[in-house]
Amino acid sequence: MNDNIIVELADLEMIDVNEAKFAPEKGGYLSLTYKGTEYGKVKLNRALPYRAPDEYICVSDKDGKEIGILRDLASLSEEQKKIVSDELDKLYYSPAVTRILSAKDRMGFMYFEVETTAGKREFAVRDASRNIKFIDPDRKTAVQIRDVDGNRYIIDDFMKLDSSSAKKIEAFLI
Amino acid sequence: MTAETYLSRIPVHIADALRARGIEISSIISYGYTDMDKDGNFADCWIFFDKDNIYYLTGYDRVEKTGGRKKLKTVFDFVSFDSIPHEDIKSLEIERFVSTARLVAKKKDENEPNEELIRFSLGIANKLTSFIRHFNDFKDGKPAEYSERVDEELFCPKCGSRYPDPEHKVCPRCMDKGSVFKRLLGFFKFYKNKLIAYFAMLIISTVFSVLSPYVGTKLLYDNVLTPGVDANLFGEVGLVLAVIILARVASLLINIGQSYIVAGIIPWVVYDLKVRIFSAMQRLSVSFYTSKQTGSLMTRVNRDSNNIYWFFVDGAPSVVVNALMFIGILIIMFYMNWQLSLIVLVMIPLLLFLYRIIQRAFRKLHHVRWINEANMSSYISDSMSGQRIIKAFAKEREEGERFSGYSGRSAAADKRVSNAESTIFPLLGLIMMLTNLVVLFVGGVMIIHHINGMTLGKLMTFTAYMNMLYSPLDFLAWVSNWWARCVDSAQRIFEIMDAVPDVSESENPVRMPEMKGDIEMKNVRFEYEPGHPIIKNLSLSVKAGHMVGIVGKTGAGKSTIVNLMARLYDVNDGEITIDGVNVKDIASIDMRKNIGIVSQEIYLFIGTIADNIRYANPGASMEEVIQAAKTASAHDFIMRLPDGYETRIGAGGQDLSGGEKQRISIARTIIQNPKILILDEATAAMDTETERNIQQALFNLQQGRTTVAIAHRLSTLRDADVLAVIDRGDMVEYGTHDELIKKQGEYYKLYMLQFDAIKHIGIAE
């Protein structure tokens with residue numbers, strides 16, 4: 001063994017797109033055949049869900065053991081790419097807030113009434129300055145709101161929000 | 001809970017909608033609320049099942065105002081109704097995604113893929129567990145159990161709309177601020193006379209300050225300084241000055257008196273509140289303290305009582321004073337000159353409006369400043385505690401730069417506040433001055449033309465009153481926020497006071513001052529969180545005077561078993577008896593006296609070692625304390641401490657090692673002299689050497705008691721009469737050490753694992 005190596009690095013399996021075949025199955029899940037092995041139902045996880053939602057996708061088998069990392073969806077064929085993005089869209093489905101209709105401070109909770117891409121919604125936020133924040137404080141674009149039930153709401157771009165909506169939450173966003 | 005009560009909790013508007021679709025409520029077995037339709041759009045969706053079908057009712061709840069006494073009512077805007085037969089479904093389960101989850105049906109035919117039934121947001125997933133349990137029980141042929149704990153109230157009983165936060169049962173639509181205030185006033189009833197005196201003084205002093213310009217300015221100008229009024233100038237001036245001084249002194253004295261009275265009432269009311277909160281918290285069960293929001297609750301109690309304190313010390317009196325002043329000044333102004341008063345009256349709404357805007361702007365600016373400061377200080381403490389790491393990675397410079405970023409943002413926020421202050425206040429002053437000018441102009445014209453008996457003195461006095469009007473106006477425009485905050489605080493405090501403990505004493509408790517120590521668990525089921533049973537159908541019996549060892553992997557439910565035996569929680573199903581009596585019926589005082597717990601979490605209270613050992617029995621003599629300490633192998637190290645048994649421990653006291661603390665806690669249990677002893681990983685955190693010392697102490701403690709011991713290290717349990725192996729909430733093996741080794745099952749595996757580990761270390765050494 002080489003004495004200069006002090007740490008043996010873990011194996012990093014970057015998925016070879018030429019050997020991977022994703023297929024949608026009945027019952028709403030995704031299966032994978034990779035390098036001749038049929039993995040059956042697989043799970044996808046984004047490593048960088050906000051900055052690079054289409055890159056570094058971890059693919060693991062049904063027991064949670066990682067099969068490999070998909071470097072970039074762009075390297076997949078059109079057909080495969082659509083299958084994987086559809087699955088990701090389903091897994092990461094989260095209605096985006098488009099307008100804040102009202103925000104009331106009552107009993108130490110903020111009660112919000114918002115319009116989302118999935119319709120109107122009312123929810124309550126505890127400890128608003130902690131639960132309403134920029135996902136990436138350096139870039140100040142996407143805002144995440146967590147309600148008392150643990151649901152997450154995303155505002156895709158704070159700067160594009162209309163001014164009356166923005167005013168209702170700007171005090172919490174520093 | 002009976003099926004009828006369970007079904008009666010379906011909100012009326014939903015039950016109506018269901019009936020309208022030909023479904024009888026009484027045929028429903030279970031129901032649940034979800035929040036999305038099939039396409040993932042938000043909606044109010046209800047899911048039900050009866051013996052044949054699963055039904056979805058989708059629509060939108062809408063709160064309507066009605067004229068009646070119950071002012072609000074929820075109506076259901078129906079969208080769709082579907083039903084699917086569940087004949088070929090085996091069971092239901094939830095699949096969680098990142099922000100949403102879905103309910104899937106497993107088919108009876110294993111080759112059939114799962115079917116997605118419905119989607120909902122993640123927060124709903126936990127609330128559907130009872131629906132799923134009911135369904136799966138139904139499929140297993142078991143009747144549905146409607147337990148109280150699982151079906152927490154999700155809907156406001158008054159208007160039927162969903163609580164925004166089910167853990168905080170306050171409906172923002174129906175909250176009655178008046179009743180909270182009334183209840184708060186209840187705390188003042190012992191101080192009625194003092195309060196009357198206080199408000200009387202308040203009124204007198206306000207009248208003084210309202211009248212003083214009239215006496216001072218008007219008399220001075222009109223009766224003394226007016227040319228042509230023939231008078232002894234010095235005498236008159238002196239008299240007016242004397243009146244002014246006298247009025248001032250009198251109002252000063254009254255002010256001092258008021259402060260004394262307030263100081264005599266409010267701190268005691270707040271004291272009363274705090275004591276009641278504290279004892280309410282003591283009454284609550286352990287589960288209250290393990291629930292995740294305890295931390296914020298504790299800090300809030302202090303902040304909330306302070307909010308109430310300041311509102312009553314400062315806010316409420318100011319409301320009275322300012323309201324009186326406002327009305328008094330207006331009356332005098334109208335009495336003096338109604339035309340000029342009308343000009344002022346027109347200005348008031350404009351000013352009120354301006355005040356509100358300014359306050360809102362400032363609140364936001366101050367909030368930004370506050371958050372920036374909080375961020376900065378949390379960054380400082382973060383970097384202080386991370387110094388070793390920062391140095392190790394040589395990141396001092398970068399950290400400095402990051403700090404300058406935080407500090408810069410904080411400075412920018414300060415600048416904004418101060419710029420806003422220096423712009424807005426002069427602007428406001430300008431508007432007030434304009435009003436003054438208008439009044440002075442009109443008043444001047446009136447003096448010249450002798451309209452309505454206007455004099456210079458009158459005009460001067462009038463403008464003086466006008467300037468006095470601004471401060472009550474400012475206050476009244478703003479006090480409603482303060483008031484709302486006080487009510488919020490009071491509401492939160494009452495919430496704690498009203499919380500009902502999960503574990504409560506039975507109405508006719510059985511007194512058992514002397515227990516024998518036979519413990520019997522029969523078919524016990526228990527879950528902390530609905531739908532996640534920790535203990536499933538467990539039966540276990542311990543004979544009096546015996547020692548049972550509980551063995552199992554982390555998370556198997558071992559600690560839960562002993563918590564249930566000590567009745568820190570109540571079982572969901574089955575029963576636990578001690579000497580044949582259900583623990584739910586035993587007087588809690590006897591439970592606490594007869595069951596001693598030594599756990600790996602050692603808590604010693606602030607005080608001397610002797611006080612801590614005596615905790616269970618403050619009357620214990622010094623001889624008993626020393627004897628207990630000796631039995632617990634603690635005496636020797638205690639005597640080596642310079643202050644001996646008077647050494648102060650707990651927060652801020654002498655530092656003791658884990659083993660020393662544990663021995664003190666064992667001595668404490670010895671003084672308690674319980675019939676049943678629970679050892680929950682009592683020596684887990686100790687090294688082998690210390691463990692050996694404590695083992696002896698524990699062995700001494702166990703004599704003549706029923707002992708239930710949990711341990712990771714199997715060697716700790718070598719004295720156990722019998723061992724119970726627990727796995728995932730079930731007892732999988734039961735017997736003596738030799739029996740279980742012979743059986744070569746789970747215990748054997750665990751034993752060999754640990755044995756192997758020891759062998760390995762042996763080789764390495």
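**A walk through chains A and B**

Hi everyone, let's start with one pair of residues: B:Ile519 has B:Ile578, in strand β11(B), as its bridge partner. What we have here is a predicted model, where local features need pLDDT of at least 70, side-chain atom pairs count only at pLDDT 80 or more, and totals for chains, interfaces and linings use all residues. Residues are numbered from 1 along each chain as its sequence is written, while chains are lettered from A and ligands numbered from 1 in the order in which they are written.

That bridge belongs to a pairing of β8 (residues 519-527) with β11 (residues 573-578) of chain B, antiparallel over 5 bridges. A quick word on terms: strands (E, at least two residues) and helices (H or I, at least four) are DSSP runs, numbered from the N terminus, and two strands pair if DSSP finds at least two bridges between them. The open sheet has 4 strands, in the order β9-β8-β11-β12 (chain B), with antiparallel pairing. Which strands stand at the edges? They are β9 (533-542) and β12 (581-582) of chain B; each has a single partner strand, so one side of each is left without a neighbour in the sheet.

Now for the helix on this sheet. α14(B) packs there and touches β8, β9 and β11 of chain B, its direction making about 120 degrees with that of β8(B). Such angles run from 0 to 180 degrees between N-to-C directions, with axes fitted to C-alpha atoms, for helices over the stretch in contact. Contact is when C-beta atoms, placed from the backbone, lie within 7 Å.

Is α14(B) enclosed or open? In α14 (residues 558-565) of chain B, 7 of the 8 residues are buried, so the helix is largely enclosed by the rest of the structure. Buried residues have 20 or more other C-beta atoms within 10 Å of their own; exposed ones have 12 or fewer, and partly exposed ones fall in between. B:Met565 is one of the buried residues of α14(B). Among the contacts of B:Met565 are B:Ile519, our opening residue, and B:Ile576. Just after the helix, B:Arg567 takes a positive phi of about 55 degrees.

Finally, the two chains meet: 29 residues of chain B are in contact with 31 residues of chain A. On the chain B side, α10(B) gives the largest share, 6 residues.

Methods. Lists of a residue's contacts leave out its neighbours within four places in sequence.
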